[in-house]
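Hi,

Here is the structure I promised to pass on. Have a look at it first, and then read my notes below.

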Amino acid sequence: MWAAGTRRPGLVLAALAALGLALEVLVARRRRPVREVLFFPSKPSCTEALLAEAESPDNTPVPCPCPLPRGDCAFSRLLRHLLSARRSLELCLFAFSSPQLGRAVRLLHRRGVRVRVVTDAQYMALKGSQIGLLRHAGIQVRHDQESGFMHHKFAIVDRKMVITGSLNWTTEAIQNNRENILIMEDAEYVQPFLEEFERIWEFYDPLKYMFFSKENK
């Protein structure tokens with residue numbers, strides 16, 4: 001028999017479980033989906049510390065001796081969203097020559113994130129392109145074999161966040177051009193980008209490439 005005023009262990013455990021569930025619901029409600037607009041050119045800012053911290057096994061901050069200011073800017077926010085990937089990253093990019101973005105993508109690949117890249121055949125071979133470095137790192141890359149450009153510029157993080165806009169992933173665009181990026185975690189909009197990426201990925205399968213025109217056969 002339980003003495004008067006003494007709570008039973010089962011009731012206490014049930015109350016604790018209910019409290020934990022209520023806290024989880026509260027946290028989930030407070031965390032709003034990412035919806036952000038970034039404009040370029042981005043003001044000068046040091047990104048070395050951000051990348052070095054991401055590369056550190058324990059995320060230890062690493063001081064950087066460069067004279068650039070340390071502060072939030074459009075480019076650093078883009079890098080942070082990109083580095084938030086934990087499972088997968090799909091990239092569909094016309095031009096990709098930014099060393100910092102290339103370094104971030106290779107870092108994600110080393111972490112075990114599944115990275116796939118679709119790019120334009122003509123622009124992937126230009127001086128400064130990061131595509132060769134990505135391939136050398138073991139990242140899957142596919143390109144078009146058409147007369148028109150593969151002109152998309154979007155990334156999908158963990159199949160739940162899309163990053164898209166006018167920005168090419170080049171230093172010129174980041175530092176000098178009037179550009180924009182829209183970042184969303186809305187499934188209604190992420191899903192069409194996923195479907196488009198998978199459609200292009202399949203269409204650009206190297207096994208389907210035609211290296212000679214029918215007239216030359």
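Let me start with the largest pocket: by class, its lining has 6 nonpolar, 7 polar and 1 charged residues. For the classes, Ala, Val, Leu, Ile, Met, Phe, Trp, Tyr, Cys and Pro count as nonpolar, Asp, Glu, Lys and Arg as charged, and the others, Gly among them, as polar. That pocket holds about 250 Å³ of space, and 14 residues line it, with Pro-44, Ser-45, Phe-75, Gln-100 and Gln-175 lying nearest its centre. Helix α6 (residues 171–176) gives the largest share of the lining, 3 residues.

Before going on, a word on where this comes from. The model is predicted, so local features need pLDDT of at least 70 and side-chain atom pairs count only at pLDDT 80 or more, while totals for chains, interfaces and linings use all residues. Residues are numbered from 1 along each chain as its sequence is written, and side-chain values use heavy atoms, with hydrogens and water left out.

And the terms for the holes: on a 1 Å grid over the protein atoms alone, a pocket is an open set of points with protein on both sides within 12 Å along at least five of seven lines, a cavity is a set where a 1.4 Å probe fits but cannot get out, and lining residues have an atom within 4 Å of a point. Grid points are joined across faces, edges and corners, and a volume is the space filled by probe spheres set on the points.

Now the overall picture. The protein has 7 helices and 7 strands (DSSP runs numbered from the N terminus, H or I of at least four residues for helices, E of at least two for strands). From the N terminus on, the order is α-β-α-α-β-α-β-α-β-β-β-α-β-α. Of the 217 residues, 42% count as buried (under 20% relative accessible area; exposed is over 50%, partly exposed in between, with a 1.4 Å probe and protein chains only). Among contacts between residues at least 6 apart in sequence, 75% join residues at least 24 apart; contact means heavy atoms within 4.5 Å.

Helix α3 (residues 74–83) is largely enclosed by the rest of the structure, because 8 of its 10 residues are buried. Those are Ala-74, Phe-75, Ser-76, Leu-78, Leu-79, His-81, Leu-82 and Leu-83. In helix α2 (residues 48–55), the buried residues are Ala-49, Leu-50, Leu-51, Ala-52 and Ala-54, and they pack against α3 and α4 (99–111).

The second largest pocket has a volume of about 150 Å³. Its lining is made of His-143, Asp-144, Gln-145, Glu-146, Phe-203, Tyr-204, Lys-208, Tyr-209 and Met-210, which by class gives 4 nonpolar, 2 polar and 3 charged residues. His-143 sits in strand β4 (residues 140–143) and is buried, with a relative accessible area of 15%. Leaving aside residues up to four places away in sequence, His-143 touches Thr-119, Ala-121, Met-124, Arg-135, Tyr-204 and Tyr-209. Asp-144 and Pro-206 are 62 residues apart in sequence, yet their C-alpha atoms are 9.5 Å apart in space. Pro-206 lies in the segment after α7 (187–203) and is partly exposed at 42% relative accessibility.

An unreviewed UniProt entry annotates residues 146–173 as "domain: PLD phosphodiesterase"; positions are in the numbering used here, feature names are shortened, and annotations may be inferred rather than shown by experiment. Over residues 146–173 the chain is 11% helix and 36% strand, with the end C-alpha atoms 25 Å apart.

Last, the cysteines. The structure holds 0 disulfides, a disulfide being a pair of cysteine sulfur atoms within 2.5 Å. For Cys-66, the nearest cysteine sulfur is that of Cys-46, 3.5 Å away. Cys-66 is partly exposed, at 23% relative accessible area. For Cys-73, the nearest cysteine sulfur is also that of Cys-46, 9.9 Å away, and Cys-73 counts as buried at 7% relative accessibility.

Cheers
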